[in-house]
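Have a look at the structure first, then go through the points below.

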Amino acid sequence: MQKLGRFEAANGGTLFLDEIGDMPLELQAKLLRVLQEREFERLGSTTTRHVDVRVVAATNQDLSALLAVNQFRMDLYYRLNVFPVAVPPLRRRVEDIPLLVTRFVRQFCERMSKQISKVLRGAMDALMRYPWPGNIRELQNYIERAVIMSQGDVLEIPALPTHQPVRRNPVTLAEAERYHILKALEESQGVVGGVSGAAARLGVKRTTLIDKMRRFGISREMRGWRV
């Protein structure tokens, strides 16, 4: 018996897609079709199946930066960006760290059959000062390692990293210009002209921006865009 795929299994409900920014371009095209047409074919089948699924997607990447270097489809971005919810990074929610640490310690203690009931104040202060560039997933992995290393009932925290990963930014003038055009379009919700449109935000004429969009391969036919 053939197993149901994710969309079939979620038919009539909600499907959560985590780390959507890591999806390869060829899969993005297939996902877009399912979202747009609400239909798909199973692998090796010619029968079209219809689904009604609400999709919730999440990512810790800057999708605008991925758009600028052609690593994420713009049509898929605007199809998913119907009701965006920006979750502040963990470094801006320092008050959540003690609660998360307590939860993760309990979770990993149960898994490893350990009894850890104390986190020293100095250790917790260090955890709250660290910026956590990898957000909750980094904290979770770090606490798992701490639980493995701890021998008694006190959580022993490993040394925290001192060097942060270097984030890649556009490196050429063309990349930077395309990136800023995409950011302006995002902020104006795809509106090119008008007093609050992308052209006004960038300080250029509407016709100049349209010409640049054409040169950078930024389509004017995207969903909801008005020129």
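1. Contact here means heavy atoms within 4.5 Å. Helices (H or I, at least four residues) and strands (E, at least two) are DSSP runs, numbered from the N terminus. With that in hand, the cover over the buried residues of helix 6 includes helix 5 (97-112) and helix 7 (135-149).

2. Before going on, a word on what we're looking at. This is a predicted model, where local features need pLDDT of at least 70 and side-chain atom pairs count only at pLDDT 80 or more, while totals for chains, interfaces and linings use all residues. Residues are numbered from 1 along each chain as its sequence is written, and side-chain values use heavy atoms, with hydrogens and water left out.

3. Which residues of helix 6 are buried? In this helix (residues 121-129), they are Ala123, Met124, Ala126 and Leu127; buried means under 20% relative accessible area, exposed over 50%, and partly exposed in between (1.4 Å probe, protein chains only). These four sit on the same side of helix 6, because they cover an arc of only 155 degrees around the axis, taken from the directions from the helix axis to the C-beta atoms. Arg121 and Arg129 are exposed on the other side of helix 6.

4. An α-helix has 3.6 residues a turn, so residues three or four places apart point the same way.

5. For the term: a side-chain nitrogen of Lys or Arg within 4 Å of a carboxyl oxygen of Asp or Glu. The two residues are four apart in helix 6, about one turn. Asp125 is partly exposed at 27% relative accessible area, and Arg121 is exposed at 66%.

6. Across the whole structure, the search turns up 12 salt bridges. One to click on is Glu19 with Arg137, at 3.1 Å, N to O. Glu19 is in the loop between strand 1 (14-17) and helix 2 (25-37) and Arg137 is in helix 7, so this pair ties together parts that are 118 residues apart in sequence. Glu19 is buried, at 17% relative accessible area, whereas Arg137 is partly exposed at 41%. Asp18 joins Glu19 and Arg137 in a network of salt bridges.

7. Last, look at Arg73 and Asp75, whose closest N and O atoms are 2.7 Å apart in a salt bridge. Arg73 is partly exposed, at 29% relative accessible area, and Asp75 is partly exposed too, at 23%.
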